[in-house]
Amino acid sequence: MGTTTPPRTLAEALRARGDESLAGLLRARPDLLNPVPNDITQLATRAGTRASVVRALEHLDRFALQTAEALAVAPDPAPYDTLLSLLTGDGLDDGDQRDDAGAAVTAALPGALATLREQALVWGEDDRLRLVRTARELLAPSPQHPSPTGLGPTVAEATAGMSPGRLQEILAATGLPATHDPVSAVAALSALFTDRTRMAELLDTAPVEALSVLDRLVWGPPYGEVTPNPTPPVKWLRDRGLLLPVSTRTVVLPREAALHLRAGRAHRVPEPVPPVVPAAAERDPQAVDRAAAGQAFTALSTVEELLKLWNGGGPAILRAGGLSVRELKRAATALDVSEPIAAFWIELAYGAGLLASDGETDERYAPTPASDEWLDLSAEDRWTHLATAWLAATRTPGLVGGQDAKGRALSALGPELDRSAAPDVRRRVLALFAELPPGTAPETESLLRRLRWERPLRGAAPAAESADLRSRLALWTLNEAELLGITGRGALSAQARALLDEGEGTAAARLAPLLPDPLDHVLLQADLTAVAPGPLERPLADTLSVLADVESKGGATVYRFTPGSVRRALDAGQAAADLHAFLAAHSRTPVPQPLSYLIDDVARRHGHLRIGAASAYVRCDDKAVLNEILADRRSTGLRLRRLAPTVLASQADPGSLLEALRDMGYAPAAESAEGDVLITRAGARRTPPRTPPVPVPEGPPVPDGTLLGAAVRAIRAGDTAATVVRKDPSDGPSSTTPSGALPRTTPAETLATVQAAAMTGSTVWIGYVNADGAASQRVIAPVRVEGGFVTAYDHTADEVRTYPLHRITGVAELAEDGKG
C-alpha cells in the first residue's frame, strides 16, 4: 500500500490525477467534454482519437511541439535523459553544440513536458515517458508524412521485409559477426549505429564522396534516388547499411545513423525560448494617443458616410451572397478609399450590426434599426462599439478579392469570409503590443516570428512562411488596427489598452477628451462652397449633406453648392426661404450673393414641369417649354407625344423621365395623382431588426468553472461505477455477471437485495435501462423502497434519484473493500 504502481495505460494515468488536474485537461481540450465522458476510460479513449489529438497539437508552442516530435523518434517508452539528449545533443560533437542553447533547453524542458502531460499527450513517470499512440503516428517519420525533425525510419523499420541473406551481407561489410536470424542481425546493426566509438571508426574508412552524400541527407529529407548502377560512394554506403532501400530507386538514411551524424540532436535548431519582439520605434505616448484618436474620428465619419450612402436602400445582393465587384468599386469611390479598405469598412459595419439584408424579394443591403441607435450615441461610445465588434469578429475582410478552395472569387459580405482564428490572432497581436512600453511600436517581422513560434501548426506553410493564415491575419490586424484607431503611428493607444484590460467604459472615458467637439457653424465662401473646420453637429451635418455635395475631406470638409444639390433640398420639402434662413443661422460669414442667387433661381424653376404616371406624363402651363422639349434631340429616347397643349405623354416610367429632363437642364417635380408635388425625403429604408452576425467559434467554447466541476464529478462517479469491486457471483444472487455486462437478477432477487441495502445502509451496483432504452451501470445507496420504486443516492450522478424497479435489470452487492 505504501508504494505507487506506475500507470500501465493512459486511463490509469488519468485516474491517478487529482480533480484540479482533470479540470485542467478539460479546460485545455474542451472537445473532450462534448458529451461528458461516462468514465475515465472513455475520457482516455476520446483523448487518443485522431481529431482530438490533431487539435491539441495545433495549440502547442514550437518547443512543446519539438519535445513531442523528439519523443516520437525516441524509443517507446523513453527516459527523461534520453529525451533531453535528443534535444541538446550528446555533447560529443565537433564543437557546434552551443552551451547556452543546451542550458536553455534544459531549463525549458520540464515546462514543455508538463504542458504535454497536462493535455494528456504524454503520460508515464520520468523514467518511462510515453507519447500517446495517435500523436506518435502523426509525428513519427514516414515516407508519406516526413517528420519536421528530418529523420527517417529506424533500422528495424527500414529492413522489414529484407531477405536474411542481404542482412548477413551488410553485417559482413561492416565487420560484424554473422547471426542466426534476422532479428539478431537487425539488433547488431542498430547497436553499431548507436555506438559512437564504433560508428566513428566505420565512418573514418568511408570515401570523402560518401561523407558528402551523408551530409546532404543528414538534416533531411533522408530519402534519395539512386540509379540501377549506383556510383561507388553510394554503393559503399548501401553495402554497409548506411543507406537502406525503400524501393528499387529510393534509399533512406536510417534514423540511428542520422542521429550519430547530428551528435544526437533530433532538431537542427531547438527553440526553447520564444522570440523577443523588439521595438521598431519609440514615440511620445501622448502623440500616439492623439494620432489614434484622430484616426478613430475618421473611422466614425467613414462608417457614418457609408450608412448615409446606403440610407435609401443599398446595393443588391448577389445570388450567391455578398456584394458585387461593381458595387464595391462604387462604394470605394464614394468613400474616397481603395477597394480593400472599403471592404474593411463595409464588413466592420456589418459585423457591428449596422448593416444587413432587408429580406425583401429584390434583396438589398440597408442600415438596420440598430444603426439609428448607434448614431445617437456619443462619439466615444460609437467607437468602442465598433472596436469591440472588430475584436470578436471572425469575418476577415482581407480575403475579399481572393479565391476559395474551388477557385470562386470571395466577395465582400459573402458567405465564405469567416476564419475562426481571427479573434484569437487579433487579441494576441494586441497583447504583444501591450507588453511593450507605451508609445513603442513593435518590429513587424519579429512579431510574426513570435506568432509562428506560439502556434507553429496553425495554417503553417513551410515553403513560404509569410503566406500562412495566421501571419496574414496578423498583417491584416496591424492595418485594420491603424485604420480603426486602435493603434496610432504603429503603437498601441492608451484607449485601446483600456479597452483590452478594463472594458468599454474606461476606454470611452480615455478617448472622449481626445476627440474634437462638434461645431454648429460653417464658413460660406463666394465660390459656392462651405468649409466645415471640424466635425459638425448631427442636425447641421444631415441638412448640409442634402443641400450641398462633399467636395473634399480631411481636417476640414469642403461642401459645394450646385443646382442639383439645391434641387435635392427642394425635393426634400424645403422652401427657398427655409434654405436662406438655415444658411444665415449657421454661417460665421455672410451668405454670398452668388449662393443666394443660385437658391432663388433653382427655386423659381423648380416644379415648373410636373411629372406623373401615365406610363408617365409631363405637364406645364408654358407651351413654349413643352415645344422646346419636343424639339430637343436628347428627348428622342423618351418617345414623347403631345396629348394636349400643356401635356406630353411618355412611354418611360416617371423616375426615368425625371432623371432625363434633369439631365437636359430642366427642374421638373414629381406629382401625385391628385396633382400635388411629391416630397422625396432623404432615405428612410431600414431592415427589420437584425442581430449582428455570430462569430464562427474555433472549436468548442472553453468551459467555465461550474461546468468543469460538474463534469469532473460526473466522470469520477461514472468511473466509480465502472471500476467498483463487486462480490463474486457465487457469494450473492444465483445469477452470473460477466465482466463489463449489466448485472442480471430476477425481480424477486432485485427487490430483496435493494430492501436489504436500504435497511443496512449499504451500497449496491445496479443495471438500469431508461425510457429511451439506453442501458447504464450505476452505484446507488438505497434509502427507501416502496410502491415499485427505489429512492437512493446515486453515486454516479452525485444526487438523490428515484428509479422504477421494473427498469432495473439486476443488482449486485459490492465487495467490502470496494465500497469507496
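**Figure 1. Surroundings of leucine 26 in the predicted model.** In this predicted model, leucine 26 is in contact with Leu32, Leu33, Leu43, Pro703, Leu708, Ala711, Val712 and Ile715, leaving aside its neighbours within four places in sequence. Leu26 and Phe193 are the residues with the most contacts inside the largest nonpolar core, which has 87 residues. Helix H5 (residues 62–73) gives the most to this core, with eight residues. A second, separate core has 65 residues, among them Ala296, Leu306, Ala342 and Leu451.

**Figure 2. Valine 712 in helix H32.** Helix H32 spans residues 705–723 and holds valine 712. Is valine 712 buried or exposed? Its relative accessible area is 5%, and the limit for a buried residue is under 20%, so valine 712 is buried. Not counting residues up to four places away in sequence, valine 712 touches Asp19, Leu22, Ala23 and Leu26. Threonine 174 lies elsewhere: the C-alpha atoms of valine 712 and threonine 174 are 57 Å apart in space, and the two residues are 538 residues apart in sequence.

**Figure 3. Crossing of helices H11 and H12.** The two helices are H11 (residues 182–194) and H12 (residues 196–204), and their axes come within 5 Å and cross at roughly 85°. H11 and H12 are therefore roughly perpendicular to each other. On the H11 side the contact is made by Ala191, Leu192, Phe193 and Thr194, and on the H12 side by Arg196, Arg198, Met199 and Leu202. By residue class, the contact of H11 with H12 divides into five nonpolar, one polar and two charged residues. Phe193, part of this contact, is also named with Leu26 for the most contacts inside the largest nonpolar core.

**Figure 4. Threonine 134 in helix H8.** Threonine 134 belongs to helix H8, which covers residues 133–139. Its relative accessibility is 8%, so threonine 134 counts as buried. Leaving out residues up to four places away in sequence, threonine 134 touches Gly48, Thr49, Arg50 and Val53.

Figure 5. Strand S12 (residues 523–525) runs antiparallel to S13, and three bridges join the two. Glutamine 525 has threonine 529 as its bridge partner in S13. S12 and S13 form a hairpin with three residues between them, and leucine 528 in the turn has a positive phi of about 65°. S13 also pairs with strand S15 (residues 557–560), in the antiparallel sense and over four bridges. Here valine 531 has valine 558 of S15 as its bridge partner. In a regular strand the side chains alternate between the two faces of the sheet. In S13 (residues 529–532), Thr529 and Val531 point one way and Ala530 and Ala532 the other way; all are buried.

Figure 6. Which residues of helix H26 (residues 538–547) are buried? They are Leu540, Ala541, Leu544, Val546 and Leu547.

Figure 7. Strand S17 (residues 616–619) pairs with S19 in the antiparallel sense over four bridges, and alanine 616 stands opposite serine 650. Strand S18 (residues 641–644) is also antiparallel to S19, joined by three bridges. The bridge partner of alanine 644 in S19 is valine 647. A hairpin through two residues joins S18 to S19.

**Figure 8. The open sheet S3-S5-S4.** Three strands make up this open sheet, in the order S3-S5-S4 and with antiparallel pairing. Strands S3 (223–225) and S4 (244–245) stand at the edges, each with a single partner strand, so one side of each has no neighbour in the sheet. Three bridges link S3 to strand S5 (residues 250–252) in the antiparallel sense. In this pairing glutamate 225 stands opposite threonine 250 of S5.

Definitions and conventions. Residues are numbered from 1 along each chain as its sequence is written. This is a predicted model: local features need pLDDT of at least 70, side-chain atom pairs count only at pLDDT 80 or more; totals for chains, interfaces and linings use all residues. Side-chain values use heavy atoms; hydrogens and water are left out. Buried means under 20% relative accessible area, exposed over 50%, partly exposed in between (1.4 Å probe, protein chains only). Contact means heavy atoms within 4.5 Å. Two strands pair if DSSP finds at least two bridges between them. Axes are lines fitted to C-alpha atoms, for helices over the stretch in contact, and angles run from 0 to 180 degrees between N-to-C directions. Angles under 35 degrees count as roughly parallel, over 145 as roughly antiparallel, 65 to 115 as roughly perpendicular and the rest as oblique. Ala, Val, Leu, Ile, Met, Phe, Trp, Tyr, Cys and Pro count as nonpolar, Asp, Glu, Lys and Arg as charged, and the others, Gly among them, as polar. A nonpolar core is a set of buried Ala, Val, Leu, Ile, Met, Phe, Trp, Tyr and Cys residues joined through side-chain atoms within 4.5 Å.
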